[in-house]
Amino acid sequence: MLSLIGNVLWFVLGGAAMGLAWWLAGLIALVSIVGIPWARACFVIGQFTFWPFGREAVSRSALGRPDIGTGPLGLIGNVLWFLLLGVWLAIGHILAALANFVTIIGIPFGIQHLKLAVIAMAPIGMTIVDKRPAR
């Protein structure tokens with residue numbers, strides 16, 4: 001129940017804007033054709049950005065599911081991602097976090113934005129899971 005309340009407040013107070021920013025980044029990557037793997041990650045993380053409470057992002061290799069995105073090619077992909085689009089999404093999340101930290105009720109939302117800023121820097125190799133099974 002608390003996750004639902006947190007997600008609704010989050011969505012109204014800034015989560016929708018950053019989720020749309022992730023989806024816009026995904027569309028930009030999709031149009032380039034070579035960016036299709038990044039586009040998929042953008043849409044998944046964008047959906048996570050709309051409703052983050054009760055779920056978390058973890059590395060697929062930590063779950064025992066290593067693949068091409070968790071190895072050296074994933075590292076190269078994350079560096080390219082960061083230089084082209086990731087830095088802008090991270091800046092957006094940091095600015096949203098600062099705006100949320102101004103109010104007491106916004107502090108948990110600011111913390112969530114900082115977590116998403118870290119994800120924005122290197123999304124390749126990450127997956128979204130429910131918090132209960134993740135623990």
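Me: By relative accessible area, buried means under 20%, exposed over 50% and partly exposed in between (1.4 Å probe, protein chains only). Is Val118 buried or exposed?
Reply: This is a predicted model, in which local features need pLDDT of at least 70, side-chain atom pairs count only at pLDDT 80 or more, and totals for chains, interfaces and linings use all residues. Residues are numbered from 1 along each chain as its sequence is written, and side-chain values use heavy atoms, without hydrogens and water. Val118 is found in helix 4. Because its relative accessibility is 54%, Val118 counts as exposed.

Me: Which strand 2 residue is the bridge partner of Val58?
Reply: Strands are DSSP E runs of at least two residues, and helices are H or I runs of at least four, numbered from the N terminus. Strand 1 (residues 55-59) and strand 2 run antiparallel and are joined by 5 bridges; two strands pair if DSSP finds at least two bridges between them. In strand 2, Val58 has as its bridge partner Thr127.

Me: Which residues form the covered face of strand 2?
Reply: In a regular strand, side chains alternate between the two faces of the sheet. In strand 2 (residues 126-130), Met126, Ile128 and Asp130 make up the uncovered face. The covered face consists of Thr127 and Val129.
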